[in-house]
Amino acid sequence: MTAFITWFFILEILGAITLPIAFRLFRWLPDRGYALAKPLGLLLTGYGLWVLVSFRFLRNTRVAIVLVMLIVAAGAVYLVRQQWPAFRAFLRLNRRVILVTELLFLIGFAAWTVFRAYNPALDHTEKPMELAFLNAILRSDTFPPHDPWLAGYTISYYYFGYLIAAVLTKLAGTAPAVAFNLMIAALFALTLTGAYSLTYNLIEGLRRSEGAGGQGGWGAGGRGSGEVGLEQHSPSSPLSSLLVALFGPLFVAVAGNLEGFLDALHSRGLGSAAFWEWLDIQDLSAPATSGGWIPERNWWWWRASRVITQRDLLGNLVEIIDEFPLFSFLLGDMHPHVLALPFAFLALAVALNILFGTGRDEDWPFDGAQDWLPALSLSPLALFLPFLIGAFGFLHSWDFPTYLLLVTAAYGLRRYIELGRLKSDWWRDMVWFAVWLAALSIILFVLFHIGPRPYTGGVGLVGVVKTKLRQFTVMFGLFLFVVVSFLILQVRAWFSSARNDGVSVDVWAVIVIAVGVAGLCFVLGWWTAAALSILIGLGVIVLLNKVRLAASEQRSGGAGERGSVHPSTPAQLGNPVAASTIFVLLLIVTALALTFATEFVFVRDRFGSRMNTVFKFYYQAWVMLAVASAFGVYYLVRRWRSVLRWAWVAGFGVVLLATLVYPVLAGYTRAGRFEGERTLNGLAYVESYQPAEYAAIQWLQESVVGAPTILEALGDSYRADTSRISAATGLPTLLGWGGHETQWRSEVPEMGQRQNDVATIYRSLDARQVQRLLEQYDVKYVYVGPAESRKYGLAQSQIDKFDTFMEQVFARGSVRIYRR
């Protein structure tokens, strides 16, 4: 309880000191980035610590972290003094959205902390690896941190998320095995509030513009006047906006895919054998084993992350991962794609902020290459954009190109609306912006990029075996229901426009390409690719239509959809109705394009298949489709006519309830039916089953300073009973999970030799040979426990030999620790 309270207040403090910065950066969003202040604070603090420690200005200590926080706070104080009247007015007028955001964070953090307490053990999947990284960063005085599973080397992985976790751990003074579970709960809560913020801004932007009545929306004001008229144009949000926005976090982080619903039907014995065979999801074709609604297969909930069944031409199964946020939080792995998730909403909010922006001001220097010199611009937004995008290369490199392209696309759409057409100025500005953003994003994190990198082997082509449409629907069924409905409504509007104005050449090109690709895929039996081609084509067509309408209104100063208006000042974009729908269409097209790409290409890695490409792109697509669908629910219910509205709501309700089966049943199962003893200590299982080893871990944590090398048995990937000492303490060992090391490094140094030398050290009775090897690898401690005795078949004489030339510093049960 104490650890939870400490973490909660630290996160609140980080959010409070960063709020003025968010308020300035997200000045065109209705909530001014309030919910994004916490992840922004983590990002700024983590980056500041990383830079200062990497350049040896500071050491990795709690004092250094506090110093960085004070620097961030000083910048925030400077900004809040510049905008104090507007800041104070915002806090007064937006009490309800602030309250809902804080309650959502508190409830999410508390609920998932309790959930983790029922299943805290860090003994499966990749939790030992993640704990090893966290501990290694905590022990490292300088950066880059040492690799705990390859002594003498630094971590060759994107470790920024683990560094941020270490920042919170050091500030709170929490044991790492406890901090691990609190970090998962914090990530869950930050994801909820990030999704809520983005959805609220989309919905509230639509509502406020529709109700502006010709006053220019909440962003009225000319050049440099973003704060003018805040009280008039930032009214308190109605309860409907506050509540409907909760669909955002519900869809992003709480809803599951349809596998849980299908698994419950299968467990109950419903559905014919032919249906389950046709569905072709592993574990669901065999006869049910329980007869109840809750499946009783071991780890049945895992199947939701493997609904895409792929076989090669020989009929062999090829594993495909289709993870989604709720599954990640249920599993509890602190992997980079989860660590990066809350920060994805910062990138999405930046893109929305660009579209919501109102013309030129001191924070927007990107109005044309003739007016700005990007590399030298010192405006807050100009500095923040590359910092944020560059952070993804360090957090989770798979996210870097996606959010780079998304923000660039948002800028391109904004410039098109401002210019009115695709003329030479647009192309020039796009090139300037893209090159500047990509280059500076890399430069700001160059210390990471020049280090060792994980192995990649270029781009590969997917074979003729594609994703089955029925399995794709199981994965994204809820979102497809809403997105297809949303596109239908948009296409109807486009038809009306096309009848009056005709179809432009570029739209005809989109139609020809989409129909041609879909037709070819259909002939080849690639139904998923064919369906996606049609949906992407429709999305692009209606997106172009919306952008053209917004550009036309921008030039004429006329009204937008359903009574929305543009400010009369030519320099202002200011039509959040168009901006909201344009942004949602951009999300839809981007998400569908990501899933479409996995049907044809993949990034080569050590696995040699599209497994990880589907995993990472589907994960990004889930977030985008979830936010788009949350807005789509609000948009569709307001625009369907009465009979159609209720029919649609009924259909939506059925699909929504089906997706909520998974979180209810899987959560109940994963938490052990909420019957076990609660603890947040992820190593409590070691204390129960290996008390001597647990005592040894505690001794090492308390007694060993710095990061001297410790020898333990070689590890086997995904085996928590191996490499456990290095994982639990962060002390580097000669070789941990070798299979993972080969994934992390383009070159694998001396791995085979290390395997042989470790075996020799434990087995050899030649004291000189053993001493020479210990000196060669600079081994300070030798650990002998059950895993070492079992792996190397150690006799007592092989253990006792260490007493002849080393000091025994710990002994309990079958565990010995020697110091050289």
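**Stop 1: Asp506 and Arg548**

Select Asp506. In this predicted model, Asp506 is partly exposed, at 27% relative accessibility. Asp506 belongs to helix 22 (residues 505-523) and Arg548 to helix 23 (residues 527-556), so the bridge ties together parts that lie 42 residues apart in sequence. Arg548 is also partly exposed, with a relative accessible area of 28%. How many salt bridges does the structure hold? There are 22.

**Stop 2: Asp721 and Arg790**

Select Asp721 and Arg790 together. They form a salt bridge, and their closest N and O atoms are 3.5 Å apart. Asp721 sits in the loop between strand 5 (709-711) and helix 29 (724-729), while Arg790 is in helix 33 (residues 786-792), so this pair ties together parts 69 residues apart in sequence. Check the surface of each partner. Asp721 is partly exposed at 23% relative accessibility. Arg790 is exposed, with a relative accessible area of 52%.

**Stop 3: Arg820 and Asp778**

Move on to Arg820. Its salt-bridge partner is Asp778, with 3.8 Å between the closest N and O atoms. This pair links distant parts of the chain, 42 residues apart. Arg820 is in the segment after strand 8 (815-819). Asp778 is in the loop between helix 32 (767-776) and strand 6 (779-784). Is Asp778 buried or exposed? Asp778 counts as exposed, at 54% relative accessibility. Arg820 is partly exposed, with a relative accessible area of 34%.

Next, select Asp263, Asp283, Arg297 and Arg303. Salt bridges with shared partners join these residues into one network.

**Stop 4: helix 26**

Select residues 642-670, which make up helix 26. Now colour the buried positions. Among them are Trp648, Phe652, Leu656, Tyr662, Leu665 and Arg670.

**Stop 5**

What does Tyr662 touch, leaving out residues up to four places away in sequence? Its contacts include Gly256, Asn257, Glu259, Trp300, Trp301, Phe324, Leu330 and Gly667.

Now zoom out to the largest nonpolar core, which has 267 residues. Tyr662 is one of the members that touch the most other members, along with Phe26, Leu43, Phe109, Tyr159, Phe160 and Phe476. Highlight helix 8 (residues 176-210). It gives the most to this core, with 21 residues. Then pick Val758, Leu774, Val782 and Leu794. They belong to a second, separate core of 25 residues.

**Stop 5: aromatic rings**

The structure holds 77 aromatic pairs. For one of them, select Trp526 and Phe600. The pair is edge-to-face, with 5.9 Å between centres and 70 degrees between the planes. Trp526 lies in the loop between helix 22 and helix 23, and Phe600 in the loop between helix 24 (576-597) and strand 4 (601-603). The two are 74 residues apart, so to find them together, select by number. Trp526 is buried at 17% relative accessibility, whereas Phe600 is partly exposed at 24%.

Select Arg27 and Trp28: the charged end of Arg27 sits over the Trp28 ring, 5.1 Å from its centre. Then go to Tyr635, where Arg639 lies over the face of the ring, 4.0 Å from the ring centre.

**Stop 6: Val80**

Finish at Val80 in helix 3 (residues 62-82). Val80 is buried, with a relative accessible area of 14%, and the cut-off for that is under 20%. The C-alpha atoms of Val80 and Phe23 are separated by 8.7 Å, although the two residues are 57 apart along the chain. Which residues does Val80 contact, leaving aside its neighbours within four places in sequence? They are Pro20 and Phe87.

Definitions and conventions:
Residues are numbered from 1 along each chain as its sequence is written. This is a predicted model: local features need pLDDT of at least 70, side-chain atom pairs count only at pLDDT 80 or more; totals for chains, interfaces and linings use all residues. Side-chain values use heavy atoms; hydrogens and water are left out. A salt bridge is a side-chain nitrogen of Lys or Arg within 4 Å of a carboxyl oxygen of Asp or Glu. Helices (H or I, at least four residues) and strands (E, at least two) are DSSP runs, numbered from the N terminus. Buried means under 20% relative accessible area, exposed over 50%, partly exposed in between (1.4 Å probe, protein chains only). The expected span of a helix is 1.5 Å times one less than its number of residues. Rings of Phe, Tyr and Trp (its six-membered ring) pair if their centres lie within 6.5 Å; planes under 30 degrees apart count as stacked, over 60 as edge-to-face and the rest as tilted. A charge sits over a ring if NZ of Lys or CZ of Arg is within 6 Å of the ring centre and within 35 degrees of the ring normal. A nonpolar core is a set of buried Ala, Val, Leu, Ile, Met, Phe, Trp, Tyr and Cys residues joined through side-chain atoms within 4.5 Å. Contact means heavy atoms within 4.5 Å.
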